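This briefing covers one predicted protein model. Please read the structure first; the notes follow by topic.

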Amino acid sequence: RGLVVSEAAQGRFLDCSVTHAVEWLVGRTPTIADQQWVEELAVDFAGSNFSYRDLVRSLVTSETYRRVQ
């Protein structure tokens, strides 16, 4: 059997995964100022076929992450 994922459920998974990765690695909840960065990470995450490894790599190699750290 295949797993059918609705558009809404996929969107929630995407938002939740990226937000939690940012919280984990940055040590705080993303702010309004981080919104564009989080959206860019989400696009990259979806484009990598939801590879969490690629999400973490994109996050820690981003300029925004380096500024936050």
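How much accessible surface does the protein chain have, and what percentage of it belongs to carbon and sulfur atoms? The accessible surface comes to about 4900 Å², and 53% of it belongs to carbon and sulfur atoms; such areas come from the Shrake-Rupley method with a 1.4 Å probe, and for residues only the protein chains shown count as cover. The model is predicted: local features need pLDDT of at least 70, side-chain atom pairs count only at pLDDT 80 or more, and totals for chains, interfaces and linings use all residues. Residues are numbered from 1 along each chain as its sequence is written, and side-chain values use heavy atoms, with hydrogens and water left out.

**Confidence**

- The protein chain averages a pLDDT (the predictor's confidence in each residue, from 0 to 100) of 87, and 84% of the residues score at least 70.
- Among the elements, helix α3 (residues 52-60) has the highest mean pLDDT, 96, while helix α1 (residues 7-26) has the lowest, 86.

**Overall make-up**

- The protein chain contains 4 helices and 0 strands, where helices (H or I, at least four residues) and strands (E, at least two) are DSSP runs numbered from the N terminus.
- From the N terminus on, the order of elements is α-α-α-α.
- Of the 69 residues, 29% count as buried; buried means under 20% relative accessible area, exposed over 50%, and partly exposed in between (1.4 Å probe, protein chains only).
- Among contacts (heavy atoms within 4.5 Å) between residues at least 6 apart in sequence, 57% join residues at least 24 apart.

- Leaving aside neighbours within four places in sequence, Leu-59 is in contact with Ala-21, Val-22, Leu-25, Trp-37, Leu-41 and Tyr-65.

**Aromatic pairs**

- The structure holds 3 aromatic pairs; rings of Phe, Tyr and Trp (its six-membered ring) pair if their centres lie within 6.5 Å, and planes under 30 degrees apart count as stacked, over 60 as edge-to-face and the rest as tilted.
- The Phe-13 and Phe-50 rings have their centres 5.7 Å apart and their planes at 65 degrees, so this pair is edge-to-face.
- Phe-13 lies in helix α1 and Phe-50 in the loop between α2 (35-47) and α3, so the pair ties together parts that are 37 residues apart in sequence.
- Phe-13 is partly exposed at 43% relative accessible area, as is Phe-50 at 26%.
- The rings of Phe-45 and Phe-50 also form an edge-to-face pair, because their centres are 5.4 Å apart and their planes at 90 degrees.
- Phe-45 is buried, at 2% relative accessibility.
- Phe-13, Phe-45 and Phe-50 form one aromatic cluster.

**Ser-17**

- Ser-17 lies in helix α1 and is buried, with a relative accessible area of 12%.
- The side chain of Ser-17 reaches the backbone oxygen of Phe-13 at 2.8 Å.
- Not counting residues up to four places away in sequence, Ser-17 touches Phe-45, Tyr-52 and Leu-55.

Note on methods. Polar contact = N/O pair within 3.5 Å; in protein donor to acceptor, adjacent residues only side chain to side chain.
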